[in-house]
Amino acid sequence: MDKKRKKRIVQKKGKFYSETERHAIIQEMLKNNWTKQYAWELYTGETEERGQLMRWMRKPGYAKTIRQKQLYN
């Protein structure tokens, strides 16, 4: 019982994530400095992201935060 449990991620198609799940994915991606493609593949199992995460990020305003980080780094 001492074994460390790995975080299990349920993979599903991008269009089937709720708003809450989308926020959680984006926040984890930002916190861990993952690429969009890596996060997409981790959560959906698909190798091509095709801009879906950027669409998710534009809606609540995350894309503005990303742009500011890129300008100042």
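Student: What pattern does the protein follow, read along the sequence?

Tutor: Read along the sequence, the pattern is α-α-α-α. The model is a predicted one, and it has four helices and zero strands.

Student: How many residues does the protein have, and what share of them count as buried?

Tutor: There are 73 residues, and 26% of them count as buried.

Student: What makes Tyr 17 count as buried?

Tutor: Buried means under 20% relative accessible area. Tyr 17 has 6% relative accessibility, so it counts as buried. Tyr 17 lies in the segment before H1.

Student: Which residues make up the largest nonpolar core?

Tutor: The largest nonpolar core has 12 residues, among them Tyr 17, Ile 25, Met 29, Trp 40, Tyr 43, Leu 53 and Tyr 62. The elements that give two or more residues to this core are helix H1 (19-31), helix H2 (36-44) and helix H3 (52-58). H1 gives the most, with four residues.

Student: What makes such a set of residues a nonpolar core?

Tutor: The residues must be buried, belong to a list that includes Ala, Leu, Ile, Met, Trp and Tyr, and be joined through side-chain atoms within 4.5 Å.

Student: How far apart are Tyr 17 and Tyr 43, in sequence and in space?

Tutor: Tyr 17 and Tyr 43 are 26 residues apart in sequence, and their C-alpha atoms are 9.9 Å apart in space.

Student: Which residues of H2 are buried?

Tutor: In H2, the buried residues are Ala 39, Trp 40, Tyr 43 and Thr 44.

Student: How do you know that they line one face of the helix?

Tutor: Seen down the axis of H2, the buried residues fall within an arc of 100°, so they line one face. An α-helix has 3.6 residues a turn, so residues three or four places apart point the same way. The buried residues of H2 pack against H1 and H3.

Student: What comes just after H2?

Tutor: Just after H2 is Gly 45, which takes a positive phi of about 85°.

Student: How many cavities of 30 Å³ or more are there?

Tutor: The count comes to one. The largest cavity has a volume of about 50 Å³.

Student: Which residues line the largest cavity?

Tutor: The lining is made of Glu 19, Arg 22, His 23, Ile 26, Arg 55, Trp 56, Lys 59 and Pro 60. The elements that give two or more residues to this lining are H1 and H3. H1 gives the most, with four residues.

Student: What makes the count of charged residues in that lining come to four?

Tutor: Asp, Glu, Lys and Arg count as charged. The lining includes Glu 19, Arg 22, Arg 55 and Lys 59, and by class it has three nonpolar, one polar and four charged residues.

Student: Which residues does His 23 touch, not counting residues up to four places away in sequence?

Tutor: On that basis, His 23 touches Pro 60 and Tyr 62. His 23 and Pro 60 are 37 residues apart along the chain, with their C-alpha atoms separated by 8.6 Å.

Technical notes
Residues numbered from 1 in each chain as written. Predicted model: local features only at pLDDT ≥ 70, side-chain atom pairs only at ≥ 80, totals over all residues. Heavy atoms only, no water. Buried < 20%, exposed > 50% of the residue type's maximum accessible area, 1.4 Å probe, protein only. Arc of directions from axis to C-beta. Contact = heavy atoms within 4.5 Å. 1 Å grid on protein atoms, 1.4 Å probe; cavity = no way out; pocket = protein on both sides within 12 Å on 5 of 7 lines; lining within 4 Å. Points joined across faces, edges and corners; volume = space filled by probe spheres on them.
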